[in-house]
Amino acid sequence: MKLASTKNSFLTYLTLFSSAGTLVCCALPALFVSLGLGAVLAGVATKVPGLIWISEHKVEVFIFAAVMLSANGLWMWFNRNAPCPIDPVLRDACITGRKFSARVYVISVIIFLIGAFFAFIAPLL
């Protein structure tokens, strides 16, 4: 049970950070420019050179994030009815952990969709 919980927690956070990469890649720069903060974006780009790399490789970043989101969604779906321990404290922790993972997953999907909109749809408008 401990190993499965550790894998699920790792996958949940990996999903969150990979979807956050899509947000950093595309949504935040678009927000800065639309608010007239182009100089701030230029300053951030000089201090964080990885931002330019992420922007140049946005297709790969989005593919990786989509794969991570899909893997985490499948993992959560297959384990949705997995038994929790009988001990009330451990059972409550198990249920709380599942709810937390589901919330993080939904937030990750929302972040991914916002990033995808600004990366691929907004430039066409």
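Predicted model: local features only at pLDDT ≥ 70, side-chain atom pairs only at ≥ 80, totals over all residues.
Q: Which exposed residues does the face of H4 turned away from its buried side carry?
A: Ile63 and Phe78 are the exposed residues on that face of H4. Exposed means over 50% relative accessible area, buried means under 20%, and partly exposed is in between (1.4 Å probe, protein chains only).

Q: OK, back to H4. Which residues in H4 are buried?
A: Val61, Phe62, Ala65, Met68, Leu69, Asn72 and Met76 are. They cover an arc of only 130 degrees around the axis, so they end up on the same side of H4. That arc is taken from the directions from the helix axis to the C-beta atoms.

Q: Why would residues a few places apart point the same way?
A: An α-helix has 3.6 residues a turn, so residues three or four places apart point the same way.

Q: How many helices and strands are in the chain?
A: Five helices and zero strands, giving the pattern α-α-α-α-α along the sequence. Helices (H or I, at least four residues) and strands (E, at least two) are DSSP runs, numbered from the N terminus.

Q: How far does H5 reach, first C-alpha to last?
A: H5 has 34 residues and reaches 48 Å, close to the 50 Å expected at 1.5 Å a residue. The expected span is 1.5 Å times one less than the number of residues in the helix.

Q: And what's buried in H5?
A: The buried residues of H5 are Cys94, Ser101, Val104, Ser108, Ile111, Phe112, Gly115, Ala116 and Ala119. Gly115 is also 8.4 Å from Leu28, C-alpha to C-alpha, though the two are 87 residues apart in sequence.

Q: Where does Leu28 lie?
A: In helix H1, residues 2–34. Leu28 counts as partly exposed because its relative accessibility is 33%.

Q: New topic: which residues make the nonpolar surface patch?
A: Val59, Ile63, Val67, Val106, Ile110, Ile114, Phe117, Phe118, Phe120, Ile121 and Leu125, covering about 990 Å². Helix H4 (58–78) and helix H5 (88–121) are the elements that give two or more residues to the patch, and H5 gives the most, with seven. Patches are made of residues with over 30% relative accessible area and no salt bridge; nonpolar side chains (Val, Leu, Ile, Met, Phe, Trp, Tyr) are joined within 5 Å, like charges within 9 Å. Areas come from the Shrake-Rupley method with a 1.4 Å probe, and for residues only the protein chains shown count as cover.

Q: How many salt bridges does the count come to?
A: One. The side chains of Arg91 and Asp92 meet in it, at 3.7 Å from N to O. A salt bridge is a side-chain nitrogen of Lys or Arg within 4 Å of a carboxyl oxygen of Asp or Glu.

Key: Residues numbered from 1 in each chain as written. Heavy atoms only, no water.
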